[in-house]
Amino acid sequence: MPNENGTWIMYGVEWDDPECLHTVDDAIDYINEVGFLPLFKNDIPGFSLEERTVPEYWWSGDPEVDPWEWREIIARRGGIAYGKFFEQKAGFISKEWMPYFANYRRDGYDFDSLWEDGKASARQKKIMDLYLDDLMDEEYYSNELKKKAGFGKEGEKGFDGVIALLQMQMYLCVRDFRQRKNKRGEEYGWPIAVYSTPEHLWGYDHVTSAYKEKADDSAERIAEHLREVYPIASEDQIRNIIGLKPGERKVAKRKKKS
């Protein structure tokens with residue numbers, strides 16, 4: 001979805017195109033078929049929900065035909081993970097393919113081990129401390145998570161970037177979009193993201209089931225599958241979809257306690 005001279009340009013298909021996805025159930029079936037899919041147009045032609053839907057229906061507010069509404073429904077149902085999974089942009093990963101993304105992106109690390117090996121930042125830890133071990137099934141509104149983890153005017157900065165990175169590393173996903181509630185329990189405002197762990201969706205054993213193989217072998221599984229379903233994808237484009245392991249990113253060194 002590029003921006004040209006201040007105008008967002010949507011790409012897609014006509015309603016009667018054989019490749020058009022008409023309903024949220026069509027979208028779910030297609031995502032499960034291909035295994036993983038970005039929300040918006042990217043470097044691989046046709047490899048997005050945007051390019052298989054009718055452009056005019058986006059942001060119409062009608063959940064029957066609006067793909068922007070579908071992403072909320074898909075996240076809420078819990079059968080497919082939704083989050084910023086592809087170059088820190090939104091997309092979907094099926095239950096079948098989550099273990100391979102988790103194994104590669106995490107490099108086989110649960111977050112506590114990642115922290116112990118110095119491959120995670122202190123800001124990431126402040127967020128993940130709210131989810132670890134017996135707290136793995138917690139769900140937090142984005143504003144609630146920000147406050148509880150100590151981000152904001154008087155605290156840590158860069159919440160959105162840290163959250164995006166944790167999604168890229170497969171430690172968090174968007175569980176739902178919900179309206180906030182006031183003190184009387186009444187809903188108000190626009191729906192906002194609710195974050196959880198992928199383990200909350202499908203259990204620790206499933207999400208980590210590919211830990212038994214090398215991280216690079218999981219990456220090759222993903223690459224080979226993408227070559228099959230989108231043979232026009234170049235190797236560079238495939239690598240962008242696969243992403244990076246934690247050790248391949250620069251992490252700020254933690255200060256030693258005096």
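Predicted model: local features only at pLDDT ≥ 70, side-chain atom pairs only at ≥ 80, totals over all residues.
Figure 1. Leaving aside neighbours within four places in sequence, Leu 37 is in contact with Tyr 30, Ile 31, Phe 47, Ser 48, Leu 49, Phe 86, Gly 91, Phe 92 and Tyr 230. The view can also include Tyr 82, which is 45 residues away from Leu 37 in sequence, while the two C-alpha atoms are 9.7 Å apart in space.

**Figure 2. The largest nonpolar core and one of its members, Tyr 131.** The largest nonpolar core has 71 residues, and those that touch the most other members are Phe 36, Ile 93, Ile 127, Tyr 131 and Leu 145. Helix α1, made of residues 24-34, supplies the largest share of this core, namely six residues. In soluble globular proteins, nonpolar side chains tend to be buried together. Which residues surround Tyr 131 when its neighbours within four places in sequence are left aside? Tyr 131 is then in contact with Met 136, Glu 138, Tyr 140, Leu 145, Leu 172, Tyr 195, Ser 196 and Thr 197, and Leu 145 in this list is itself among the core residues that touch the most other members.

**Figure 3. The crossing of helices α1 and α2.** The axes of α1 and α2 come within 10 Å of each other and cross at roughly 60°, and this crossing is right-handed. On the side of α1, the residues that take part are Val 24, Asp 25, Ala 27, Ile 28 and Ile 31, and they meet Trp 70, Ile 73, Ile 74 and Arg 77 in α2. Sorted by class, the contact of α1 with α2 has seven nonpolar residues, two charged residues and no polar ones.

**Figure 4. Helix α10 against helix α3.** Helix α3 (residues 98-106) and helix α10 (residues 215-229) have axes that come within 8 Å and cross at roughly 135°, and the two helices are therefore oblique to each other. The crossing of α3 and α10 is left-handed. From α3, the contact is made by Tyr 100, Phe 101, Asn 103 and Tyr 104, and from α10 by Ala 215, Asp 216, Ser 218, Ala 219, Arg 221 and Ile 222. The residues of this contact divide into six nonpolar, two polar and two charged.

Figure 5. The axis of α10 and that of helix α11 (residues 235-242) come within 10 Å and cross at roughly 130°, which makes α10 oblique to α11. The crossing of α10 and α11 is right-handed. Here α10 contributes Ala 219, Ile 222, Ala 223, Leu 226 and Arg 227, whereas α11 contributes Glu 235, Ile 238, Ile 241 and Ile 242. By class, the contact of α10 with α11 has seven nonpolar, no polar and two charged residues. The loop between α10 and α11 contains Ser 234, which is partly exposed with a relative accessible area of 31%. The C-alpha atoms of Ser 234 and Asp 43 are separated by 9.4 Å, although these residues are 191 residues apart along the chain.

Figure 6. Most residues other than glycine have a negative phi. Trp 59, however, has a positive phi of about 60° although it is not a glycine. Trp 59 is found in the loop between β3 and α2, and at 42% relative accessibility Trp 59 counts as partly exposed. Glu 87 likewise has a positive phi, near 50°, and is a residue other than glycine. The loop that holds Glu 87 runs between β4 and β5, and with 41% relative accessibility Glu 87 counts as partly exposed.

Figure 7. Not counting residues up to four places away in sequence, Phe 111 touches Ala 120, Gln 124, Lys 125, Met 128, Leu 132, Leu 166 and Tyr 171. The C-alpha atom of Phe 111 is also separated by 10 Å from that of Pro 246, a residue 135 residues apart from Phe 111 along the chain.

Definitions and conventions:
Residues numbered from 1 in each chain as written. Heavy atoms only, no water. Core = buried A, V, L, I, M, F, W, Y, C linked by side-chain atoms within 4.5 Å. Buried < 20%, exposed > 50% of the residue type's maximum accessible area, 1.4 Å probe, protein only. Helix = DSSP H or I, 4+ residues; strand = E, 2+ residues; numbered from the N terminus. Contact = heavy atoms within 4.5 Å. Axes fitted to C-alpha atoms, helices over the stretch in contact; angles between N-to-C directions. Parallel < 35°, antiparallel > 145°, perpendicular 65-115°, else oblique. Left-handed = near helix turned anticlockwise from the far one by under 90°. Nonpolar A, V, L, I, M, F, W, Y, C, P; charged D, E, K, R; others polar.
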